[in-house]
Amino acid sequence: MNGHFLVVDDNQPTRALIGECLKSLGRSFEEAANGNEAIKLIQSHSFDGIFLDVLMPESDGFEVLNWMVRNKTILPTVVFTEAKAKFDVDFPAMAESLGALKGFDKPVTLQKIQAGLEAMDK
């Protein structure tokens, strides 16, 4: 799958890192800094999948997942978070229960991006 992906994270360096990984794997991407921006892009663009941060200000990844379910706009989604270290909660598992294909704890690595793409290809 070549594909065009949406990268959603409130941290610009993290978006850039995920984007560089995607580009190195021959994929293209667009960025959103929060869930509100992500929803607007999902409504107006076509994506093959989403790399989504779970905890963000304004509108978080759970809100994006819930919006997709309510609007029957289900896209293959991989979530990333660093929240487990802060809250001792398995946010990736929670996101998977809402429809995410795979969840990873940060830091983001090329291997995690590749595993996310493989999950989307299934």
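Contact here means heavy atoms within 4.5 Å of each other. Helices (H or I, at least four residues) and strands (E, at least two) are DSSP runs, numbered from the N terminus. This is a predicted model, in which local features need pLDDT of at least 70 and side-chain atom pairs count only at pLDDT 80 or more, while totals for chains, interfaces and linings use all residues. Residues are numbered from 1 along each chain as its sequence is written, and side-chain values use heavy atoms, with hydrogens and water left out.

View 1. Start at the N terminus and follow the elements along: they run β-α-β-α-β-α-β-α-α-β-α. Of the 122 residues, 44% are buried (under 20% relative accessible area with a 1.4 Å probe, protein chains only; exposed means over 50%, and partly exposed lies in between). Among contacts between residues at least 6 apart in sequence, 67% join residues at least 24 apart.

**View 2. The open sheet of 5 strands, in the order E2-E1-E3-E4-E5.** The pairing is parallel; two strands count as paired if DSSP finds at least two bridges between them. At the edges lie strand E2 (28–32) and strand E5 (102–105), each pairing on one side only. On average, neighbouring strands of this sheet are turned by 20° against each other, direction ignored. Angles run from 0 to 180 degrees between N-to-C directions, and axes are lines fitted to C-alpha atoms, for helices over the stretch in contact. Helix H1 (residues 12–24) packs on the sheet and touches strand E1 (4–8), E2, strand E3 (49–53) and E4. The direction of H1 makes about 170° with that of E2.

**View 3. Val-78, a residue of strand E4.** Strand E4 (residues 77–81) pairs with E5 in the parallel sense over 4 bridges, and the partner of Val-78 in E5 is Lys-102. Is Val-78 buried or exposed? Val-78 is buried, with a relative accessible area of 0%. Leaving aside neighbours within four places in sequence, its contacts include Ile-50, Leu-52, Phe-104 and Met-120. Look also for Leu-117: its C-alpha atom and that of Val-78 are separated by 8.4 Å, although the two residues are 39 apart along the chain.

**View 4. Helix H6 and its buried face.** H6 has 12 residues and reaches 16 Å from its first C-alpha to its last, close to the 16 Å expected at 1.5 Å a residue (that is, 1.5 Å times one less than the number of residues). Its buried residues are Ile-113, Gly-116, Leu-117, Ala-119 and Met-120. Seen down the axis of H6, they fall within an arc of 160°, so they line one face of the helix; the arc is that of the directions from the helix axis to the C-beta atoms. These buried residues pack against E1, H1, E3, E4 and E5. Turned away from them is a face that carries the exposed residues Gln-111 and Glu-118.

**View 5. Where H1 meets H6.** The two helices pack at an angle of about 65°, with their axes 10 Å apart. On the H1 side, Ile-18, Cys-21, Leu-22 and Ser-24 make the contact, and on the H6 side Leu-110, Ile-113 and Leu-117 do.

**View 6. Asp-53, in strand E3.** Asp-53 is buried, with a relative accessible area of 3%. Not counting residues up to four places away in sequence, Asp-53 touches Val-8, Asp-9, Asp-10, Gly-61, Phe-80, Thr-81 and Lys-106.
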